[in-house]
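Reader: Hi, I'm new to this structure and would like to go through it with you. Could you bring it up so that we can look at it together?
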Amino acid sequence: MKGTSTSEAVVSPVRIGRPAIGALGILALALGTLQSVVEPALPLLQRELGVSSGEGALIGNTLLITGAVVTPVAGKLGDRYGGKRVLVRLMAVVSVGGLLAGLAPNLPVLLLGQVLQGVMVGALPLSFILVRKHLPAGESQVAIGLVVALFTGGSMVGMLFAGPIAEGLSWHWMFALPTIAIIVTTLAVARLMPHDPPIRSDDRIDWPGTVLLSATLLAFMLGLVTVTREGGLPPLAVGAIAVVVAALATGWVAVERRAASPMVDLRMLTKPAMWHAGVLTFVITTSAGMVLFLLPQLFAVSADGYGFGASTTDIGLFLLPGAIAGAVSDSVGGIAARRFGPRAVVVVGTVVTAVTMIALASLHSAEWQLVLAKVLTAFAAGVGTTALLAGTATAVEAKDTGIATSLLVVTRVIGVALGAQVGGAILDAGADPTTGLPAESAFATGFAAAGLVAALSLLIVRITKINIAKKGSQA
């Protein structure tokens, strides 16, 4: 009888009510807010901290990198130790990171805070685990939709209120206030959400792979900033940085190939559909990351020169339409892929992005031009990457869907981070030696480069089309 009751307890966990779901939703809202405050405030942070464009790009990228490596393991941790237990602990790490950022006196401390905040990405899959365990299928879908919608809404809240908070109080408070909300809502989740039983699994968490991937990405980003800094580095130092990055990347690949349960199953890349989707996702998001970084920087350039002298509040308002377009694109991408096919969606999105960026290289004298460019590129990138995600999910075997989509999500994050860092490097390379401010030609170069990177997708689509045709004829 004891065995039967234990089994029933596992199969039929305690049902959660609206207060618990509401607490999860408000937590997602606070997390989305904390995640998005940096984008409009980045020019302000660079001025306050006295750092270059490349160093400024690191502020947002460190959070993205942590998110990229946490995403594949968060679900496994939740299944193994219980979703509630892991969620509360991850939120404790996020809270420490937010408070560090709120008290940061310099760039290194702020970067450390951003690294710790990056584990917030794990909150979404853990929230999904909790609602699936405690609610019937239909109700869990509604709850998951609510959590995702509030996280997206939080991103827009952060974009809008980062400026008023930073300008009315200080930039420290734009990190501190969302963090306080996260602490309060985490306590509410801990109180209202019942414990969920862990699921026994023989799969091990790939901690060596997680650490090596983080180290590889951070070393590459820091190396790029160092190499492009004013005055540059001797060739020997540049070579040493390249060797370190290559060694870390090689070590990560070796660990992943031998791991019984790798964080990223590299064997998936041997499948043509996965390989093509991964390369296209990386190229598209690299271009999008460059745009993501360059536009706020241009808005903030003094109106006495070629810029607009926009405040942090103004930048948030200018970027908001693009954020809305990006949110809408996630739902449109899947529909478009089903109706027209991922290839057609990627081609159209690539053409839109390439034409927009190349045009922006010469036409960037009015705010509306930049706002329109942001809307078009955000929508095109979102539709394209979502179409690839949806197409890959249906192209691989059902048992590989989770692995394939996780790999594409990680690729998407890494591409955005790399693009932002490249954008910062271009501005640093084109900075005036006297003022340290980027010349207008540096922005034109950055926009043109983003357009050319996007156009590279057309070549990749063409090559993959030839490969598919050959396979079809051989069959």
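Reader: Thanks. What share of the protein's residues count as buried?
Author: This is a predicted model, and in it 49% of the 475 residues of the protein count as buried.

Reader: And what is the secondary structure made of?
Author: The protein has 17 helices and zero strands.

Reader: What about the accessible surface, how much of it belongs to carbon and sulfur atoms?
Author: Carbon and sulfur atoms hold 69% of an accessible surface that comes to about 21,300 Å².

Reader: Switching topic, how many cavities of 30 Å³ or more are there?
Author: There are two of them, and the largest cavity contains about 90 Å³ of space.

Reader: Which helices supply at least two residues each to the lining of that largest cavity?
Author: Those are α12 (272–300), α14 (342–360) and α15 (367–395). The lining residues include I284, S287, V346, T350, T377 and A454, and by class the lining has six nonpolar, six polar and no charged residues.

Reader: And what lines the second largest cavity?
Author: That cavity, with a volume of about 30 Å³, is lined by T281, T385, L389, L408 and R412.

How values were computed. Residues are numbered from 1 along each chain as its sequence is written. This is a predicted model: local features need pLDDT of at least 70, side-chain atom pairs count only at pLDDT 80 or more; totals for chains, interfaces and linings use all residues. Side-chain values use heavy atoms; hydrogens and water are left out. Helices (H or I, at least four residues) and strands (E, at least two) are DSSP runs, numbered from the N terminus. Buried means under 20% relative accessible area, exposed over 50%, partly exposed in between (1.4 Å probe, protein chains only). Accessible areas come from the Shrake-Rupley method with a 1.4 Å probe; for residues, only the protein chains shown count as cover. On a 1 Å grid over the protein atoms alone, a cavity is a set of points where a 1.4 Å probe fits but cannot get out, and a pocket is an open set with protein on both sides within 12 Å along at least five of seven lines; lining residues have an atom within 4 Å of a point. Grid points are joined across faces, edges and corners, and a volume is the space filled by probe spheres set on the points. Ala, Val, Leu, Ile, Met, Phe, Trp, Tyr, Cys and Pro count as nonpolar, Asp, Glu, Lys and Arg as charged, and the others, Gly among them, as polar.
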